[in-house]
Amino acid sequence: MKRSFILVFAVILIHAIAASQSTPYVSPGVTVSWDFAGRFIVSPKVSVGVFGNGTFYNITVGRSSSSSDNIYPHYFVECQLGTLTAPSAFRKMQLFWGGGVGLTIPASSRNSSVSLRCSAFTGYFMFANLSLLFINGIQPDFGAQFVLPIPLKTDYGSIGG
């Protein structure tokens, strides 16, 4: 647990340094996904981070649950980073892509172990998302993530002179 606090502190420090040259944001969202056994999973989340020069860094927290007893409900904390694809002549829209690493914390007393969580994603407001939980083996799920990034700072330049 001490390592988790050190990791979170390091990411917050990186955010503070990067924020002076970047735009901070908050991004609520939800992921709807299925594991490879066909079980439906819902994961509301919120991210807080910075974006600048086509790159973003954030800390995401959320809760994952399912109607299936085989999917254990858990909270998660994940450090994520990503970038915007380079502009090109044949592609009209750039896409974000990235990934994250974090921890899951059980939401019930039925499961008591903290586990590793990794994710990969690509898209723009709607993302294809792959998550891997490392508990009792590897538990993958694949789905769509919908996000709404809200900038917390705007800079429109000087007006008038």
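## Nonpolar core

The largest nonpolar core consists of six residues: Y25, F56, F96, F121, F127 and V147. Such a core is a set of buried Ala, Val, Leu, Ile, Met, Phe, Trp, Tyr and Cys residues joined through side-chain atoms within 4.5 Å, where buried means under 20% relative accessible area with a 1.4 Å probe and protein chains only.

The model is predicted: local features need pLDDT of at least 70, side-chain atom pairs count only at pLDDT 80 or more, and totals for chains, interfaces and linings use all residues. Residues are numbered from 1 along each chain as its sequence is written, and side-chain values use heavy atoms, with hydrogens and water left out.

## Largest pocket

The largest pocket holds about 460 Å³ of space. A pocket is an open set of points on a 1 Å grid over the protein atoms alone where a 1.4 Å probe fits, with protein on both sides within 12 Å along at least five of seven lines; lining residues have an atom within 4 Å of a point. The volume is the space filled by probe spheres set on the points.

Of the 20 lining residues, Y25, F51, F56, F96 and P149 lie nearest the centre. By class, 13 are nonpolar, six polar and one charged.

Leaving out residues up to four places away in sequence, Y25 touches, among others, F51, F56 and I150; contact means heavy atoms within 4.5 Å.

G54 counts as buried because its relative accessibility is 18%.

Terms used:
Nonpolar A, V, L, I, M, F, W, Y, C, P; charged D, E, K, R; others polar. Buried < 20%, exposed > 50% of the residue type's maximum accessible area, 1.4 Å probe, protein only.
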